[in-house]
Amino acid sequence: MPAPAAEHVPGPAPAGPFAARARGLTKAYGAGETTVLALDAVDVDIVRGRFTAVMGPSGSGKSTLMHCLAGLDTVSAGRVWLGETEITGLKDRELTRLRRDRVGFMFQSFNLVPTLNALENITLPLDIAGRRADPRWLDRVVGTLGLRDRLGHRPAQLSGGQQQRVACARALVSRPELIFADEPTGNLDSRAGREVLGFLRGAVDDLGQTVVMVTHDPGAAACSDAVLFLADGRIVDRLERPTARAVLDRMKRLDTGCGPSGECGGPAPGPERG
Ligand SMILES: Nc1ncnc2c1ncn2[C@@H]1O[C@H](COP(=O)(O)OP(=O)(O)OP(=O)(O)O)[C@@H](O)[C@H]1O
Ligand SMILES: [Mg+2]
């Protein structure tokens, strides 16, 4: 059983234009015999204003990395910064405020509130923060994601793909600096998937937001500026300016067991403009 790197001594905060950073990020679940080391002393820099994809086999720690970087989960060891603020050791209230103001998160499991309709789910983070949605932006997000005629429906009345689009709209509606998207196209048909990817690409190119996206799809990864490959809780490789073919080649070389599936591939969609 691997021991968590609890003795890891973090170095000074590296300077630079980073939206999020981690040093020695270690996350162990459980205790004793059943301990799972989900992240093993990961160092990562998420460059501001870029689109970073995260790939790796099931169980390699992708979701855990996103949750820890976003301050949604505590770390076992190591340090994490959101922008210039170190979040490891931050009090709950400060962390909640920071997350609310700066971060949008699209969960792998959607995390919609079952008793609220789609529109109420989309605007929930703003409502909690006591802010109002910019109506034009809200309309554009809802229209692009094809949700206009579903706004009054509760999650149970929506298909998996529609629920995913509601989760996407919720992460985008406040125009957060930093968007984490955990397999945002996993339940979408290829057209809806391309629209979501185009939206995320546009968030980076047109609005200067930072996107970190988990995907199993080389075609989706090709929309990003850089791909991080995870295996067994470690970053084992990275690829700059990826093409779908280069991602696929790298996956084969690393034998990470992720992708490739028939529904992915295809050229990267252009950024959503307009
Ligand atoms: N709450 C938890 N309790 C115990 N173990 C957990 C918990 N969450 C995750 N794990 C374990 O940590 C490891 C990493 O899980 P994680 O969800 O980060 O993987 P992933 O790369 O996102 O996988 P997938 O592609 O299937 O979503 C796995 O071995 C998983 O079983
Ligand atoms: Mg996951």
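Helices here are DSSP runs of H or I with at least four residues, numbered from the N terminus. The model to which this is applied is a predicted one.

With three residues, helix 1 gives the most to the shell around ligand 1. The shell as a whole is made of 14 residues, and the closest of them are S58, G59, K62, S63 and T64. Sorted by class, eight residues of the shell around ligand 1 are polar, four are nonpolar and two are charged.

The side chain of K62 has an N or O atom 2.7 Å from an oxygen atom of ligand 1. For Q108, an N or O atom in the side chain is 2.9 Å from an oxygen atom of the ligand. S60 takes part through its backbone instead: one of its backbone N or O atoms lies 3.2 Å from an oxygen atom of ligand 1. Taken alone, ligand 1 exposes 640 Å², and the protein buries 62% of that area. Two elements give two or more residues each to the shell around the ligand: strand 2, spanning 36–47, and helix 1, spanning 62–69.

The aromatic residues come next. The model has three aromatic pairs. One of them joins F105 and F107, whose ring centres are 4.6 Å apart with 35° between the planes. The pair is called tilted because stacked rings need planes under 30 degrees apart and edge-to-face rings need over 60. F105 and F107 are both buried. Together with F180, these two residues form one aromatic cluster.

A ring is also involved in a contact with a charge. The charged end of R21 sits over the ring of W81, at 5.0 Å from the ring centre.

The last stop is D217, in the loop between strand 8 (210–214) and helix 7 (218–221). Is D217 buried or exposed? Its relative accessibility is 15%, so D217 counts as buried; the cut-off for buried is under 20%. The side chain of D217 has a polar atom 2.7 Å from the backbone nitrogen of G219. D217 can also be placed relative to L248: the two are 31 residues apart in sequence, and their C-alpha atoms are 9.0 Å apart in space.

Conventions
Residues are numbered from 1 along each chain as its sequence is written. Chains are lettered from A and ligands numbered from 1 in the order in which they are written. This is a predicted model: local features need pLDDT of at least 70, side-chain atom pairs count only at pLDDT 80 or more; totals for chains, interfaces and linings use all residues. Side-chain values use heavy atoms; hydrogens and water are left out. Rings of Phe, Tyr and Trp (its six-membered ring) pair if their centres lie within 6.5 Å; planes under 30 degrees apart count as stacked, over 60 as edge-to-face and the rest as tilted. Buried means under 20% relative accessible area, exposed over 50%, partly exposed in between (1.4 Å probe, protein chains only). A charge sits over a ring if NZ of Lys or CZ of Arg is within 6 Å of the ring centre and within 35 degrees of the ring normal. A residue is near a molecule or strand if one of its heavy atoms lies within 4 Å of it. A polar contact is a pair of N or O atoms within 3.5 Å; within protein, one must be able to donate a hydrogen and the other to accept it, and residues adjacent in sequence count only if both atoms are side-chain atoms. Accessible areas come from the Shrake-Rupley method with a 1.4 Å probe; for residues, only the protein chains shown count as cover. Ala, Val, Leu, Ile, Met, Phe, Trp, Tyr, Cys and Pro count as nonpolar, Asp, Glu, Lys and Arg as charged, and the others, Gly among them, as polar.
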